[in-house]
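Dear colleague,

Please find below the structure that I promised to pass on, followed by notes on what I found in it.

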Amino acid sequence: MSRSLIAQALRASSMLQDIPSALVSSGGHLRAFRYMLAPPLSQDRLAIVCSAYVKSKEKTGKPYGAAEANELANFIIERLDPYALAVRSGGAEMPRTSVRQLMNKTGALIANQDLQTVTRNRLSDEQERLTLKHLSQNGYSLLPPKQVSHRGGVSQLSLMHKAKLAISSTNTQEVDIAVGMKGDHMLALECKVSNDQTNSIKRVNDVIAKHHSWMSYWGAGFITTGALLQGVFSDKSIKKLEKEGIHIFWSHRISDLSDYVLDR
């Protein structure tokens, strides 16, 4: 699949000679172009360093306007890796070896990223499943998922997987596991698996963004945000969670979580 993605981007851009045309036809080509950079850039990093980039257009294939396409193309051309530069400089007459080298290198990077994503999602699903099982074994009952828009929406000793917590009169924010505690208090627990320290930044930022949404609407008197972590997280990321007042738990010490919710 990664080789097909690269081949489509090369054809649409006339072998990297006309990158703007490729982006005007589909923003989806950016996934291939991102991995042709030196160094390759994630979606989040590209959004930071190039204001013309829109993550949703890469995901949906929605085309860019001419101005944004030109800005992105200029950014890409200045940062192409040696394999991509060889293809671009060769144009239509370039040796097939250059194209093959670019496709092999870029394809390997994309495939490796896809594997990491699949592995992380699998581990995340398993983490949530084991957490639900552990709390159920400690007296909690699993409720069907629903929208929680009032205090006490998740009763004491009850769990709700993928509950949708109101963050305004019209919008909701999903929480991995909502845990009902004493009174009408609730723990909004986010389960996060990280492959490495760099990846942990995004996982932690996701938790913090949800935390802010919940606190803004509900206030700390009703919801406490928790993060159940597994894998590799940088010290800096952990300190960010602590600074926000988010309770941290670890999957390898899952009993700390049940002790916490049963004690409150």
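L157, at 35% relative accessibility, counts as partly exposed, the class between buried (under 20% relative accessible area) and exposed (over 50%), with a 1.4 Å probe and protein chains only. L157 lies in the loop between β2 (147-148) and β3 (158-166), and its phi is near 65°, a positive value in a residue other than glycine. M15 likewise has a positive phi, of about 55°, although it is not a glycine; it is found in the loop between α1 and α2 and is partly exposed, with a relative accessible area of 25%. One further backbone feature is the cis peptide bond from A38 to P39, with omega near 0°, where P39 belongs to the loop between α3 and α4 (43-49).

Please keep in mind that this is a predicted model, in which local features need pLDDT of at least 70 and side-chain atom pairs count only at pLDDT 80 or more, while totals for chains, interfaces and linings use all residues. Residues are numbered from 1 along each chain as its sequence is written, and side-chain values use heavy atoms, with hydrogens and water left out.

As for the overall picture, the protein has eleven helices and seven strands, these being DSSP runs (helices H or I of at least four residues, strands E of at least two) numbered from the N terminus. The C-alpha atoms fill a box of roughly 75 × 35 × 30 Å along the principal axes, and buried residues make up 43% of the 264 residues.

Leaving aside neighbours within four places in sequence, L23 is in contact (heavy atoms within 4.5 Å) with L30, F33, P63, Y64, A69, L72 and A73.

H134 lies in helix α8 and is buried, with a relative accessible area of 16%.

Towards the other end of the list, strand β6 (residues 223-231) runs parallel to strand β7 (residues 247-250) and is joined to it by four bridges, where pairing requires that DSSP finds at least two bridges. A227 has I248 as its bridge partner in β7.

Finally, the charged end of R79 sits over the ring of F75, 3.7 Å from its centre, and K57 lies over the face of Y64, at 4.6 Å from the ring centre; the criterion is NZ of Lys or CZ of Arg within 6 Å of the ring centre and within 35 degrees of the ring normal.
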